[in-house]
There are 2 protein chains.
Amino acid sequence: MSTQSFKQAPHKLLVIPGPIEVADDVLFANAHPAMSHVSPDFIPVFGDCIRMLREVLFAPNAQPVLTAGSGTLGWDHVAANVLQPGEDALVLNSGYFGDSFADCLETYGAKVDQIKAPIGSKPSLDEVEAALTKKKYKVLTFTHVDTSTGVLSDAKGLGELVKRVSPETILVLDGVCSVGSEEIRMDEWGIDVVLTATQKGLGCPPGLMVLAASKKAIAAFEKRTVPPNSYFASWSRWLPVMKAYEAGTGAYFATPPTNLIYALHASLTTITKGSPSLEERFQQHVATSDRVKDFVSQLGLQQLAADGKKDGAHGMTAVRYPQGVKATDLLPKLVAKNIVVAAGLHKQVKDEYFRIGHMGVTVVDKQRGDIDYLLNSIKEVLAEAGYKP
Amino acid sequence: MSTQSFKQAPHKLLVIPGPIEVADDVLFANAHPAMSHVSPDFIPVFGDCIRMLREVLFAPNAQPVLTAGSGTLGWDHVAANVLQPGEDALVLNSGYFGDSFADCLETYGAKVDQIKAPIGSKPSLDEVEAALTKKKYKVLTFTHVDTSTGVLSDAKGLGELVKRVSPETILVLDGVCSVGSEEIRMDEWGIDVVLTATQKGLGCPPGLMVLAASKKAIAAFEKRTVPPNSYFASWSRWLPVMKAYEAGTGAYFATPPTNLIYALHASLTTITKGSPSLEERFQQHVATSDRVKDFVSQLGLQQLAADGKKDGAHGMTAVRYPQGVKATDLLPKLVAKNIVVAAGLHKQVKDEYFRIGHMGVTVVDKQRGDIDYLLNSIKEVLAEAGYKP
C-alpha cells in the first residue's frame with residue numbers, strides 16, 4: 001500500500017483546540033510497519049525531525065528533545081532540569097494552564113510566584129517588569145496560547161523585556177497550543193525553552209512531547225549542582241540520545257514512539273518544505289483567525305479574550321454563548337452536523353463558552369472547506385436555538 | 001477505507017525483543033482519524049482497554065494506568081508513588097534493566113539494595129529470602145524478562161516467597177518484555193505492580209506506558225505522608241482520570257495518545273477475545289520458544305541464559321556467537337535476507353551475542369511462516385560464515 005492510496009475513514013470534523021484534523025499522509029506514516037528504534041533506516045528519520053523542528057522555531061542553535069509523552073511532560077522537563085529545588089520561578093498566568101504549570105514546578109521543589117490575569121487577559125509587560133525588578137527569578141514561564149481562554153501572550157515583547165531587565169532569567173514558552181500555528185522566532189526573540197506536543201499545530205496524533213532548549217537553557221542545566229530530580233524527564237539521559245540520533249548513530253535510553261516519529265516526519269516535511277511556506281502558513285493562520293473572529297463579532301457574540309483580534313490566539317477562538325443559548329443548544333447540534341467543537345475548560349466559567357480550533361490542514365488546505373462548513377453550521381445552529389444577532 | 005482493505009507496506013521481518021511485528025488491523029487502528037480525547041466515541045474505547053488489560057493480567061481487582069510514555073516511565077511511577085524518599089527497596093538484578101530500575105528508584109530518593117546475579121542467571125529464591133529476612137523492604141522489584149539477557153524470573157515463586165516472609169512488601173514486576181508473551185497471574189501469585197509498554201507482547205507500536213496496581217499497592221500509595229515527587233507520573237493526577245474513563249465519563253490531566261489507544265484496543269481485543277485464547281497464546285509462546293531454543297542447541301550454540309529452556313524467556317532468546325563468528329558475519333547477512341534480529345545489549349558482553357524476539361503475531365499467526373524463515377536463514381548465514389555445527 002502506498003501513501004497515495006491511503007484515505008482515512010469518514011469521520012466528524014474535529015475543530016477543537018487539539019487534537020486537530022490530521023492529513024492522510026501523516027496518518028499513513030503513523031501506520032508504518034514495525035521498525036527497530038536503532039535501525040539505520042529509522043535513525044535518520046529521527047534526525048530529520050530534530051533538524052526540521054529547529055526550522056519551525058527559527059532556532060538554528062537550539063537543542064530539540066523528543067520523547068514519548070504529552071505537552072504536560074514538557075513542564076516536568078523544565079522543572080527537573082532547568083530549575084533546582086529552592087530556586088525561584090515566576091509563572092505568568094493567563095488561564096487554566098498557568099495554574100497547572102505552577103503546580104508542576106512546585107512538585108519538583110521550585111519556589112513559585114504567579115502573576116494572575118483576570119480571565120480573558122494576560123499579565124501586562126509592566127507588571128512583569130515590576131516583578132522581575134523586585135526579585136531575581138531563575139525561570140520565567142508563560143503560556144503562549146492558553147487553550148482554556150484563547151488568550152495569546154506577547155512572546156516577542158516578553159523576550160525583549162527579559163533581555164533588558166533580567167538577562168540571566170531563562171524564558172520558557174509553553175507552546176502546546178501555539179507551535180505550528182503561531183510564529184515563534186526563538187533565537188531572535190530570546191526564548192530559551194519552547195515545549196509543545198504533536199496534536200495541535202504540528203498536525204500529528206498525540207503522544208510525543210516536543211521541546212527545544214537554547215544554549216542558555218542548556219548552560220543552566222549544565223551548571224546544576226544536584227542531578228535532575230526526574231528519571232524519565234532527565235536531560236542527563238536524553239541529551240546524549242538526541243545528539244546520537246542527529247549524528248546518525250542512534251542510542252538508547254527509553255524506546256521512542258517510532259510510528260509517531262514517522263508521522264511527525266511527514267508533517268514537518270509538509271510544514272517546512274511544502275506549500276504554503278512556513279511564513280505563509282503563519283499568515284494563513286492569522287487570516288483564518290481574523291475571519292473567525294470577525295464572524296463571531298458580526299453575529300454579536302463575545303470572545304473570552306478581552307480584545308479578541310489583538311489578544312486572541314490565531315489557532316483557536318473561545319466564544320461566549322449569547323444570552324438564552326446553552327452548551328446543550330449548540331454542541332450536540334453541531335455534532336449532528338458532524339462537527340466537533342470543544343466545551344469551555346476554565347473552571348470558573350466553563351459553562352459559559354465554547355472553543356473552536358482552527359489549525360493545520362483545516363486552515364491551509366482550502367479545498368477541504370472546513371472553515372466555511374464550520375461557520376455556516378454555527379450560524380444555522382444558533383438560529384435554530386432562537387438566537388437573533 | 002476499511003480495516004480489511006488495509007495492508008501494511010512490505011518491510012523487513014522485525015524479530016528483535018521489541019518493537020515486534022504489528023498486525024495490519026492494529027496498524028490501521030493507529031491511523032484512526034483525529035479524535036477528541038474526551039469524545040463519547042473515544043471514552044469507551046479507553047475504558048475497554050482498562051478492562052481487557054485486567055483480563056490479560058488475571059487481575060480483576062487491579063487498577064490499570066495507561067499514559068503516553070514508554071516502559072521506562074513505569075519505573076518513575078513506582079518510584080514516585082509507591083515509595084517515599086528514604087524508604088527501602090530491594091532490586092533483583094538479572095541484567096541491564098535491574099541497574100537502570102535501581103537508578104530510577106534512587107533518583108526519587110529510595111534507598112536501594114541490589115542482589116546481582118552473574119550474567120545469564122537471576123538471584124535465587126534463597127538469596128531473596130535471606131535479604132527479606134534481614135531487612136524490611138517497602139518494595140521488591142524484579143525484571144520478569146531481562147531484555148538484555150533473555151533470563152526469565154520466577155514470578156510465581158517470588159510472589160509466594162513475599163507472602164510467606166514479608167507480606168507487607170510491595171512486589172513489582174517489570175513486565176516490559178513479558179506482558180502478553182508470558183503468563184502472569186497477578187492476583188493469584190500476589191504481584192502488586194506490573195508495568196510494561198505496548199511494543200512487545202501487546203503487539204502495538206511503542207508510545208504507551210501500561211501499568212496495573214493491586215489494592216495493596218494502591219493502599220500503600222494512599223498512606224503516603226508526602227505527595228508523589230513527580231508530576232507527569234503522579235497517581236494523584238492519573239487515578240481519577242483512569243476511573244473516569246472506565247466509568248464512561250472521561251477526564252483530563254494530560255492528553256492521552258488517542259491513536260495508540262485505538263491500536264491497543266484492536267490488539268487487546270485479539271488477545272482476549274480472538275483465536276488463540278489467552279491460555280493458548282501463552283502455550284504457543286512456550287512451544288515456539290522451545291523450538292527456537294532446541295534449534296539453537298542442535299546447532300551447537302550457547303544461550304546467554306545459564307539454563308535456556310528452564311531459565312529462558314518464552315518471547316526471546318539470547319544466543320552467543322560461536323567461535324569464529326562475529327556480529328558482522330551474522331546481523332548484516334540476515335538484513336540482506338530482510339530479517340532484523342538485535343545485537344547484544346548487556347554492556348559487559350554485548351559483542352558476544354545476538355537476540356531473537358519471538359512474540360505476538362510472529363508466534364500465533366502460523367501462516368506468516370516467520371519462525372521457519374528466521375531459523376532457516378540463521379542456519380544459512382552461519383554456514384556461509386564457515387560455521388559447522
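Visitor: Why does C204(A) count as buried?

Guide: In this predicted model, C204(A) has a relative accessibility of 0%. Buried means under 20%, so C204(A) counts as buried.

Visitor: How do you know that C204(A) is in no disulfide?

Guide: The nearest cysteine sulfur is that of C49(A), 8.2 Å away. A disulfide needs two cysteine sulfur atoms within 2.5 Å, so C204(A) is in no disulfide.

Visitor: What makes C177(B) count as buried?

Guide: The relative accessibility of C177(B) is 2%. The cut-off for buried is under 20%, and therefore C177(B) counts as buried.

Visitor: And why is C177(B) in no disulfide?

Guide: For C177(B), the nearest cysteine sulfur belongs to C204(B) and is 15 Å away. The pair would have to be within 2.5 Å, so C177(B) is in no disulfide.

Visitor: How many disulfides are there over all chains?

Guide: By this rule the count over all chains is zero.

Visitor: Turning to the second largest pocket, which residues lie nearest its centre?

Guide: They are S36(A), V38(A), A342(B), A343(B) and R355(B), out of 44 residues in the lining. The space in this pocket is about 900 Å³.

Visitor: Which element gives the most to the lining of the second largest pocket?

Guide: That is α13(B), with five residues. Elements of chain B that each supply at least two residues include α3 (71–82), β12 (339–340) and β13 (342–343).

Visitor: What is the lining of the second largest pocket by class?

Guide: It has 23 nonpolar, 14 polar and seven charged residues.

Terms used: Residues numbered from 1 in each chain as written. Chains lettered and ligands numbered in written order. Predicted model: local features only at pLDDT ≥ 70, side-chain atom pairs only at ≥ 80, totals over all residues. Heavy atoms only, no water. 1 Å grid on protein atoms, 1.4 Å probe; cavity = no way out; pocket = protein on both sides within 12 Å on 5 of 7 lines; lining within 4 Å. Points joined across faces, edges and corners; volume = space filled by probe spheres on them. Helix = DSSP H or I, 4+ residues; strand = E, 2+ residues; numbered from the N terminus. Nonpolar A, V, L, I, M, F, W, Y, C, P; charged D, E, K, R; others polar. Buried < 20%, exposed > 50% of the residue type's maximum accessible area, 1.4 Å probe, protein only.
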